[in-house]
Amino acid sequence: MPPTVQALPPLLVAVPLVVAAVLAASGRVLPRLVIDAASMLSCLLVLGSSVVLLAATGSRRVVSWLGGYSPVDGSSVGVVFVVDRIGAGLATLIAALVAAALTYTWRYFDEVESYFHVLVLLFLAGMVGFALTGDLFNAFVFFELMGAVAYALTGYKIEEAKPLQGALNFAVINSLGAYCSLLGIGLIYGRTGELGFAQIQRALIGQSTDWLVLVGIALVFTGFLVKGAAVPLHFWLADAHAVAPSPVCVLFSGVMVELGLYGVARTWSAAFWPVLPAERLRPVLMAAGVVTAVVGAAMCLAQSHLKRLLAFSTVGHVGMFLIALGALEPAAIGGLSIYVVGHAAVKGALFLCSGVVLNARGSVDEAELHGQCRNLPVTRICFLLGGLALAALPPFGTWLGKTLAEDGLSHGGFDWAEYLLIGVSAITGGAVLRAGARIFLGAGTPPDTEGDTRGSEEQPETTYHLGKIPVTMLVPVVALLAGGLTLGLVPGLPTLAHDAASQLLDHTGYAAAALDGVSAVPSPAPTESWTLSGLLLGVLSVLLALVVAATGLYLHRFRRLFSQVPPVVTLPFRALRTAHSGHLGDYVVWLLIGMTLLTIGLAIT
Amino acid sequence: MTTLPYLVAGWLFLVGCYGLVTSHNLVHTVACLTVAQSATYVLLLAVGFRAGATAPVFADVPVGTRVVDPVVQALSLTDIVVAATVTAVLLALTIQIYKRHGTVNPDELRTLQD
Amino acid sequence: MNRRARLVLFAVVAPVFAVLFFLAVRGLPSFGSEFHPYADRAVAVATGQRATANVVSSVNFDQRAVDTLGEEFILFGSVVGTIVLLRPAPEERDAGLRPAGGVLPTTRLAGYLLLPVSVLVGLYVIAHGQLSPGGGFQGGVVLATGWHLLYVAGRYTALRRAAPPTVLEIAESIGAAAYTAIGLAGLVMGGAFLTNFLPTGSFNDLLSGGTVPLLNGAVGVAVAAAIVLLLSGFLEQAVVLRRTEEPLAGSSIGTEEPLAGSSIGTEEPLAGSSTTVDDAEQR
Amino acid sequence: MMLLIALALGLVAVTGTMVALTQQPARQAVTLSVFGLTLAILFMTVQAPDVALSQLAIGTAVVPLMIMLTIQKVGGSR
């Protein structure tokens with residue numbers, strides 16, 4: 001391998017940083033076109049380099065010791081970037097989504113200065129750095145870089161009340177989560193005296209699982225799971241997603257949240273596994289996944305604010321991701337990695353569609369927009385198709401990923417998970433289809449939505465209502481959907497994903513690559529692709545989604561049937577909605593509860 | 001004394017959280033968040049302490065002198081700057097919230113109820 | 001949740017957290033222990049091949065320089081974020097500056113005299129980062145706070161005239177970009193990003209440490225500019241920007257005990273025009 | 001030395017608690033500044049002069065100043 005490949009990982013971070021700094025310095029004098037072009041160019045540069053890395057990781061891990069501190073006798077004082085297939089894949093996904101968001105922004109904001117682009121580029125660098133780093137504290141730094149920029153991006157629309165509160169909730173809860181992580185890093189450092197994943201792993205081998213490592217690991221995970229929106233650490237997500245600019249939501253839902261889960265998987269596999277056997281972690285992740293999936297799906301159904309609905313569908317999907325991750329074996333995680341990419345494409349397209357609607361009609365409220373968007377043909381098709389894809393319509397990437405994950409889960413003996421995954425994707429997809437049918441087709445009647453967070457007071461992100469939707473807004477929507485569709489058709493993808501998951505779960509291989517320079521990986525063995533029953537189950541979940549959508553649209557016709565619903569059914573539902581209070585104090589209490597539950601969970605299993 | 005500094009760190013974190021939970025004022029909320037964050041420096045520096053050692057600066061002491069852990073100090077330095085900047089963003093949000101909501105009492109911010 | 005429920009839940013969960021944390025720290029080496037493998041290696045590298053007397057600086061700007069790169073851009077991103085968040089909303093306008101007055105000549109003199117002192121101290125702290133405690137962050141902050149003595153001494157206008165936001169933004173960007181550029185130079189010259197590619201000089205020399213002093217300088221510029229920008233952003237909010245419907249003379253200070261009691265500690269220019277009109281009460 | 005550290009730790013715990021319990025905005029900046037100062041003292045006692053300097057500059061000056069200016073803007077209302 002030429003040494004230049006080793007230079008790529010730090011460049012993926014450095015290039016957007018430099019461009020961001022230059023744009024910030026010259027943003028006042030540069031014309032908007034130059035700013036757009038420069039940020040897009042640097043993003044494409046990152047995308048291209050990520051693809052090169054992705055290709056290079058087929059045969060080996062790409063290890064770059066920053067500062068040139070290559071290890072001597074297995075120890076070093078530096079920080080390392082270790083890029084394996086999952087890391088390179090995530091970097092590619094991040095860059096692709098940022099490219100889509102930047103294309104969409106071409107005409108989106110009227111601000112003449114470069115601040116939005118600068119923030120997005122910093123966000124890009126932070127996310128890529130987090131995906132590539134092999135050092136616990138360095139991961140915290142990139143985590144905070146992502147965070148600090150994300151808070152500002154969320155509150156970007158200062159003219160409105162809601163984005164500010166959403167950004168504040170997001171910022172406080174995420175910061176508190178990050179401090180939990182740092183406390184955990186301190187505890188782990190106290191035990192191991194190391195910060196690199198690989199060094200920690202080697203220091204932990206042979207150690208007993210005592211309270212110190214359990215609490216330390218739980219604290220580190222708490223920070224990641226706050227970002228990963230696992231219930232009950234998820235409250236910030238809906239608040240922030242509902243109000244952030246739509247292109248930013250694409251990045252939040254599509255990859256930032258998933259990076260939180262990646263953080264858990266990576267630190268466990270590369271650092272913590274010697275004191276936390278898979279049997280201990282598995283039930284905790286799965287339990288968290290089930291609760292998250294159920295809460296997300298239930299809350300998703302109850303929303304009439306389009307972006308908030310999509311946000312809760314992300315929570316539901318996070319639950320499914322957690323379950324698949326919890327299997328901790330290559331087949332399920334391979335499926336999961338395809339699922340995450342497919343979900344990012346589809347959810348991104350859906351968020352951008354709601355951005356188009358917001359700009360064209362000045363609202364994202366399902367009831368208010370009833371039948372209002374019939375004459376947005378492209379958006380209409382894309383939104384409804386996105387809803388179907390979210391419900392895992394074959395051959396979208398969401399379907400392929402989900403069916404592979406389900407296969408992996410049922411091979412591992414988790415048959416129940418299969419039903420749950422189908423149910424949750426049907427419900428979230430159904431909720432999107434219901435909203436889409438009402439808005440774009442005028443189906444059903446306006447729902448009754450008192451006391452909700454309504455989408456009607458949102459202000460468009462351009463200063464004028466767009467008479468004609470600019471093509472730069474529609475291109476990324478179509479491109480994302482097309483990408484999500486193609487993903488399911490790429491031959492050999494299941495094998496590659498399975499291989500990537502095996503690399504992710506290869507504890508000792510990671511340490512050997514980082515510290516001993518043994519970076520070659522075994523070439524992938526072909527794995528089975530999707531099956532006929534997987535195809536049929538995909539169709540089934542789409543049909544179920546249609547049923548869910550129809551029920552939502554025509555529920556009033558059966559109102560009499562539902563008038564005698566016992567309070568046993570409605571009470572938990574109401575309690576759930578009350579819990580999403582938007583109150584910071586509540587969220588802090590929930591964070592502490594989540595952290596303690598996580599610790600206790602890891603301790604008793 | 002063997003665990004006192006660690007316990008002080010835990011105490012600061014919890015007290016910060018208590019402040020966050022009970023806060024009537026977002027400015028106070030932000031202040032409490034910095035208290036919770038200070039737990040992290042106290043813990044890190046306590047973990048890196050070496051009894052009877054000097055600071056890790058070899059300006060006046062010969063090379064080879066026992067020094068305390070410089071790594072955690074570097075981490076804490078990074079952390080302090082991060083804390084200050086996040087505080088700035090939060091305070092900026094607080095100011096804008098005051099302008100848009102007319103209040104900085106979290107109990108009165110009701111726009112994101114489900 | 002209402003307030004009571006929230007407190008009850010907190011009262012339940014906080015002791016659990018406390019117990020767990022207590023159990024955890026009992027497993028840590030006792031306070032002051034000798035077990036620090038990473039630290040021993042870091043000290044050896046800093047005092048050996050890198051000739052950097054201040055090991056903390058060596059860790060921050062050489063061994064783990066990428067952490068500082070990230071931190072630098074967290075600072076940068078937060079400043080951009082704060083500027084974005086504090087940009088005047090459409091209905092706000094620059095209300096002009098308060099009439100001067102209230103600043104005693106002695107205060108003004110003290111401010112002007114202290115300014116060069118603090119600038120010198122700041123530069124000294126930055127330049128000696130590789131040798132003695134201090135460096136880019138600390139010196140940068142000293143520089144920035146020194147700058148704000150102008151505010152104590154004179155008025156906000158003096159600050160703005162001396163360093164318009166544009167210049168500061170450019171300075172900050174240049175500082176951050178320079179840090180990355182030095183890192184990239186390391187990639188070209190030394191084969192690895194952020195590698196210390198310059199001759200390290202002799203131990204305890206002002207020019208020792210290779211790239212450490214350069215990176216310190218870049219951080220110093222970026223931090224100083226960033227802190228000035230942050231503080232002036234907040235100053236602007238507190239002093240200059242008013243809502244259009246608000247009376248010009250009205251100050252948002254609600255009580256008769258304005259800033260003067262706190263850390264600036266001198267006769268405030270703000271206090272001179274303070275009235276008891278309160279934004280919140282007007283609503 | 002250990003006695004000094006213990007003393008500083010006690011001060012940090014007390015002043016930190018005071019910050020969390022001080023709800024009046026007008027006093028926030030002052031208590032936070034004092035808290036920052038005690039932290040700086042603690043950092044000196046545990047042989048971390050670099051961190052102490054940063055803390056002194058940021059924790060006792062810059063952050064309280066920003067808090068003070070914010071309070072000035074949002075008023076003393078609870």
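Where is A:Gly27 found in chain A? A:Gly27 lies in the loop between α1 and α2 (32-56) of chain A, where helices (H or I, at least four residues) and strands (E, at least two) are DSSP runs numbered from the N terminus. Before we go on, a word on conventions. Residues are numbered from 1 along each chain as its sequence is written, while chains are lettered from A and ligands numbered from 1 in the order in which they are written. The model is predicted, so local features need pLDDT of at least 70 and side-chain atom pairs count only at pLDDT 80 or more, whereas totals for chains, interfaces and linings use all residues.

Back to our glycine. A:Gly27 is buried, with 23 other C-beta atoms within 10 Å. A residue is called buried if 20 or more other C-beta atoms lie within 10 Å of its own, exposed if 12 or fewer, and partly exposed in between, with C-beta atoms placed from the backbone. The C-alpha atom of A:Gly27 is separated by 9.2 Å from that of A:Val118, although the two residues are 91 apart along the chain.

Let us step back to chain A as a whole. Chain A has 23 helices and two strands. Its C-alpha atoms fill a box of roughly 70 × 60 × 50 Å along the principal axes. For 605 residues, a compact globule would have a radius of gyration near 25 Å, and the 23 Å of chain A agrees with that; the radius is taken over C-alpha atoms, and the globule rule is 2.2 Å times the number of residues to the power 0.38. Of the 605 residues, 67% count as buried. Among contacts in chain A with a separation of 6 or more, 84% join residues 24 or more positions apart; two residues are in contact if their C-beta atoms, placed from the backbone, lie within 7 Å.

How confident is the predictor here? The mean pLDDT of chain A is 87, and 93% of its residues reach 70 or more, on a per-residue confidence scale from 0 to 100.

The 18 residues of α4(A) should span 26 Å at 1.5 Å a residue, and the end C-alpha atoms are 26 Å apart, which agrees; the expected span is 1.5 Å times one less than the number of residues. Of the 18 residues of α4(A), 18 are buried. Helix α18 (residues 493-504) of chain A has 12 residues and reaches 16 Å from its first C-alpha to its last, close to the 16 Å expected. Because 10 of its 12 residues are buried, α18(A) is largely enclosed by the rest of the structure. The buried residues of α18(A) include A:Leu493, A:Pro494 and A:His498, and their cover includes α3 (85-105), α10 (246-272), α13 (330-361) and α15 (397-411) of chain A.

The contact between chains A and C takes 58 residues from chain A and 62 residues from chain C. On the chain A side, α5(A) gives the largest share, 10 residues, and the classes are 38 nonpolar, 14 polar and six charged residues. Here Ala, Val, Leu, Ile, Met, Phe, Trp, Tyr, Cys and Pro count as nonpolar, Asp, Glu, Lys and Arg as charged, and the others, Gly among them, as polar.

Conventions. pLDDT = per-residue confidence, 0-100.
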